[in-house]
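The sequence and structure come before the details.

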Amino acid sequence: MAAPDYSKVLEGKYPGKAHAKRVVQILREKGAAADGFIYLEARHTKMQEDNDGPEHFRQRRYFYYLTGCNLADCFFVYDIQADKSTLFIPPIDPEDVIWSGLPTTIDDALKLYDADEVKPNTELAATLAQLAASNKGTVYAINGQVSDSVSLDAFASKDLDTVKAAIELSRVVKDEYEVALIRQANYVSGLGHIAAMKRVKTAKTEQELEASFLERCYSYNAKEMSYHPIFASGRAAATLHYVDNTCSLEGKQNVLVDAGAEYHNYCADITRTFPVGGKFTKESQAIYDIVLKMKNETSARLKGGVNYDDLHVLAHTIAIEGLLELGILKGDKDEILAARTSAAFFPHGLGHHLGMDCHDTCGGQNRQDPDKLFPNLRLRGIVPTNSVVTIEPGVYFCEFIIKPYLKDPVHSKFIDEEVLNKYWDVGGVRIEDDILVTETGHENLTNLPTTAAEIEALVASA
């Protein structure tokens, strides 16, 4: 699988300053003051209990979005009127250098990050006092993300609510640099998926497949995962967020792998389902083809301005048609859709926003929606141009979900239990790609085979 050509884009700096300006524009559109400061903090080093090592570090996404800085114990101030960004980083501690090596210096940070000025964090208090004295504007910070040792009381006005929402809204639309990071995350994750497919013929357990995936990601400098990887074999594939990843592959039909690496904090989220024995069974192939049709037909309609709710309903319609053809469902397809019986087989949403979080900001999910098709849909309404979204339909055979439907006369009349019983061992099939939404269409950022024949060929190529 050849790497896509976006290396020139990533040779530049992460565009934190441009992001700050976009956030300010949103603040103004919301009626916020035209002057003042944005103040953000990075995650701080936290030691493990009963241990002399730090807890695993994960940078605050709000801080990273305006700085591109992945260091702990940092601070950031953006002077709106002056259009000046200042990054505060930990100073060099000679006592620590012998243990941990030379940290990022001020000169390093000026070269690495899109900041106008870099200072040691020991100068933060004096700088804040000076800014407060020289400007009567508002300081915008995030509630719960201001250290006890930092006081913003000297500023004329303090707003701890508005900037978080403004950053979240800004994050929905991706610029070229962000898309390049997601491309790289997809490329590396794709190599990991291929490695897992090629390993399945000799692997004994799910964890061996996970190890193959992680090895590829680590080899390409993507050590952080977007979420806990899912390596679910057999009937466990009907568990949407399966976490065990240790079970035997023996006697199982398929493995569902939902796994994606982060690259510089930007996520991939990819799912493929493949046969343990190298060939899909008749039942697995039939379900696989339904899910692939769901993915292809919903993806084909994706472009800026499309209502994602409509795509979700389309996926259910295709699932119903396919399950009717197999005889698992029976009756009128429109009546089945109206009854929402298909939610027994496709209980989750079609997809979500993707970015620095796997389930990225401003999706508009409504868990209280009374319509059974929609509470688990993480992306609602109009899809913005230049956003990145997932398309991830699935069909599952989970006893804990389906059996209550069999006891409900509203739904049971549409399900043929005798035919259904042939499909429990399929477990579940999900196929997921990450897609850049354009004004006139879309671009699939996930360069992985999807047809059953292509998947079988990959498994056989081991």
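Which residues does Phe231 touch, not counting residues up to four places away in sequence? Phe231 touches Ala196, Glu206, Leu209, Glu210, Phe213, Tyr242, Asn245, Leu256, Val257 and Ala259, where contact means heavy atoms within 4.5 Å.

This is a predicted model, in which local features need pLDDT of at least 70 and side-chain atom pairs count only at pLDDT 80 or more, while totals for chains, interfaces and linings use all residues. Residues are numbered from 1 along each chain as its sequence is written, and side-chain values use heavy atoms, with hydrogens and water left out.

Phe231 is found in strand 7 (residues 230-233), strands being DSSP runs of E with at least two residues and helices runs of H or I with at least four, numbered from the N terminus. Phe231 counts as buried because its relative accessibility is 0%, and buried means under 20% relative accessible area with a 1.4 Å probe, protein chains only. Phe231 and Thr273 are 42 residues apart in sequence, and their C-alpha atoms are 9.7 Å apart in space.

The two pockets are set out below. A pocket is an open set of points on a 1 Å grid over the protein atoms alone, where a 1.4 Å probe fits, with protein on both sides within 12 Å along at least five of seven lines; lining residues have an atom within 4 Å of a point. Grid points are joined across faces, edges and corners, and a volume is the space filled by probe spheres set on the points.

| Pocket | Volume |
|---|---|
| Largest pocket | About 680 Å³ |
| Second largest pocket | About 410 Å³ |

The largest pocket is lined by 27 residues, of which Tyr64, Asn70, Tyr263, His264 and Asn265 lie nearest its centre. Helix 3 gives the most to this lining, with 3 residues.

Terms used:
Buried < 20%, exposed > 50% of the residue type's maximum accessible area, 1.4 Å probe, protein only.
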